[in-house]
Amino acid sequence: METMKVETIAKEIIKPSSTTPNDLQTLQLSIYDHILPPVYTIAFLFYTKDDLISPEQSSHKLKTSLAETLTKFYPLAGRIKGVTIDCNDEGAVFVDARVNNYPLSDFLRSPDFKTLQQLLPLDVIDDPYEGATTWPLLLVKATYFPCGGMAIGLYITHKIADVTSISTFIQSWAAMARGEAGDIVADPEFAAANFYPPANELFKFPVDEKANKISQVTKRFVFSASKLEELRTKAASEDFVARPTRVESVTALLWKAFVAAASSNKNACDMKVLIQPSNLRPKIPSLLAESLIGNIMFSSVVLSISQQEEIIIEKAVKDLRKKGDDLQNVIKDEGGSSSSAMIGSKLANLMLSNYSKLSYETHEPYTVSSWCKLPLYEASFGWGSPVWVAGNVAPVLDNVTMLIDSKDGQGIEALVTLPEENMLSLEQNTELLAFASVNPSVLI
């Protein structure tokens, strides 16, 4: 089959439609923002667009509504300056591109993740691994296919945006494009440093010197609704958890498969560690608004085992559930009269203490992050909802998995990034393949 070729048509800087007031020119980063690596979080939205709407009309609508949206999300038009964002209205990057030789339906039949990178604005960044500290905090690429379909690829700095923040931004932008922003979208709050302690430039976090040294590949494992129900039944037990969630069940199975896959890699560390970030907003709704922008997460070191230990899925589900309960108990103990800053300070200390016990020389971390339950499939810019949503698939961070709802809201797609050697083993894991399909067609 012919290789897909993406041609850049135009690049433009989009600035907020209104100037950011002087009193909002500086945004303080939190300690969590500060310790995150300087990378972008990535989201893709695919649309089978109405042929009556031209690429020129679509592009104009996207740019105009983006400028209006940036007035509310003004830090995304700024630049990082130490432990703050200089909200200087320098602007976001918008790239228009087209594919002349490849219908969107052909691409979605078997999405290729190397090809997918062409739908990102990579050509305007010198180094996507380090770019988030000096380059624009938001980059967008709108790619138009010959069939009338289109893809929107977004790069948003992880320094001030977790996936809930990104979802809030996308919903706001889409509502602005439809002319409905005032009715459904709450104004974003940029106050993460009022929850977690403010960042301090003197604080340095250990860096994994081996990161990005090994070739990583990304594959898509899809758990249909029916297979997911089978997996939940398998992961359930009277002794541990009677009814595991979808995410608990998939995470436990993947964790077992990751450890098995690593056994074939001679360079792997003996100790494996599972890390799971949790969105704190729904856990403390009285103190944390859903529209709060920033890294409002808590990363738990959920499991730590040696390569020789056998993982039992039911037991792994129990450990996942217990970590969630432990976090809820910490919040509950600090609740009542406590301010959000007191809870944030305690959680930050707990998180840093947990991470300080890990050594990149002896521990091999695997991160499984859930994007499930976020309304990403509701992002309509005026030409219907997305037919497929994907996220964070550029292998910038090692051993990272994103779980995203399927379009029906019942299944789960796992976008798994692993070293090539591990991935070859993972793709042959019979227990995993009993529940998941590898890169099936995206139904449209």
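Aromatic pairs, then. Rings of Phe, Tyr and Trp, the last by its six-membered ring, pair if their centres lie within 6.5 Å; planes under 30 degrees apart are stacked, over 60 edge-to-face, and the rest tilted. By that rule there are 16 aromatic pairs. Take Trp255 and Tyr366: the ring centres are 6.3 Å apart and the planes stand at 70°, so this pair is edge-to-face. Trp255 sits in helix H8 (residues 246-262) and Tyr366 in strand S12 (residues 363-370), so the pair ties together parts 111 residues apart in sequence. Helices (H or I, at least four residues) and strands (E, at least two) are DSSP runs, numbered from the N terminus.

This is a predicted model: local features need pLDDT of at least 70, side-chain atom pairs count only at pLDDT 80 or more, and totals for chains, interfaces and linings use all residues. Residues are numbered from 1 along each chain as its sequence is written, and side-chain values use heavy atoms, with hydrogens and water left out.

Are those two residues buried or exposed? Buried means under 20% relative accessible area, exposed over 50%, partly exposed in between, with a 1.4 Å probe and protein chains only. Trp255 is buried at 1%, and Tyr366 is buried at 0%.

Ring pairs also link a cluster, which includes Tyr47, Phe73, Phe169 and Trp173.

Now helix H5. Of its 16 residues, 15 are buried, so H5 is largely enclosed by the rest of the structure. The expected span of a helix is 1.5 Å times one less than its number of residues; for H5 that gives 22 Å, and its end C-alpha atoms are 22 Å apart, which agrees. Just after H5, Gly179 has a positive phi of about 80°.
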